Amino acid sequence: MKLKKVLAVTLTGAMALSSAMCVSADETETVSLTVWGAEEDQTLLSELAEGFKETYAEYATFDIQIGVESESTAKDTVLTDVEAAADVYAFPDDQLTALVNAGALLDLEEYAEVIEAYAGKTLDDVKSANVEGSVEAASIDGDLYAFPRAADNGYFLYYDSSVISAEDAASWDTLLAAAAEAGGKVGMTLNSGWYNASFFYGAGFTTGLNDDGTTTIDWNGTSEDGYTGVQVV
């Protein structure tokens, strides 16, 4: 028996093994499941899998195989062969549309009663336990296709507080000035659209998701803060 395909999104992302059990099996039957996760999560996934098997031991014997698959490459690997892909895996929310279009994910709304019966939680419980943005990122047309796991798609600034004050770190101008005064430098990755987009976000631009899963931003427009894309550049 193979449960097909329940997963997780990161962002906004997700993985919840105990909520992924949507099968009914005789306790003498062996249910085989494959779980993919990042290399650094292998120990955690093994612990979760063991806990899952104990929790649902009355329903079946579980053979859970755990493999290494980066969240960033999950979509490409899954779409290579949907049938051979893992049953449970994590992926960034901008891969959701492509995975749904390929029939690689379950519409969890259709399994709401089964999830409640086995996991003891409703999809409303799942939604209320997560921030609105992560739930939206895991949904299409209001239907949940993945379990939100995180809302951590942000930027982080690391600085030496003995040199840079919180006020200094509040803007690029004050940060660069304080670093220069201290004889230091400020570094960031510039050859990446991921990080370069932060300048546009800071100027009030926002991104959206197209129906085909690609990301869009109105570089040629004017943000709500009154900046044009040219000014940002």
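**Exercise 1.** Is Asp141 buried or exposed?

*Solution.* This is a predicted model, in which local features need pLDDT of at least 70, side-chain atom pairs count only at pLDDT 80 or more, and totals for chains, interfaces and linings use all residues. Residues are numbered from 1 along each chain as its sequence is written, and side-chain values use heavy atoms, with hydrogens and water left out.

Step 1: apply the classes, which are buried (under 20% relative accessible area), exposed (over 50%) and partly exposed (in between), with a 1.4 Å probe and protein chains only. Step 2: Asp141 has a relative accessible area of 78% and is therefore exposed.

**Exercise 2.** Locate Ser70 and classify its accessibility.

*Solution.* Step 1: Ser70 lies in the loop between β3 (61–68) and α2 (74–80). Step 2: its relative accessibility is 34%, so Ser70 counts as partly exposed. Step 3: Ala90 is 20 residues from Ser70 in sequence, and their C-alpha atoms are 8.2 Å apart.

**Exercise 3.** Describe the largest nonpolar core.

*Solution.* Step 1: a nonpolar core is a set of buried Ala, Val, Leu, Ile, Met, Phe, Trp, Tyr and Cys residues joined through side-chain atoms within 4.5 Å. Step 2: the largest one has 24 residues, and Leu99 is among those with the most contacts inside it. Step 3: α2, α3 and α5 (123–128) each give two or more residues to this core, and α3 gives the most, with 3 residues. Step 4: beyond its neighbours within four places in sequence, Leu99 is in contact (heavy atoms within 4.5 Å) with residues including Val78, Tyr89 and Phe91. Step 5: a second, separate core of 12 residues includes Tyr56, Ile64, Val88 and Tyr118.

**Exercise 4.** Which classes of residue make up the lining of the largest pocket?

*Solution.* Step 1: the lining comprises 12 nonpolar, 14 polar and 7 charged residues; Ala, Val, Leu, Ile, Met, Phe, Trp, Tyr, Cys and Pro count as nonpolar, Asp, Glu, Lys and Arg as charged, and the others, Gly among them, as polar. Step 2: the largest share of this lining, 4 residues, comes from α8.
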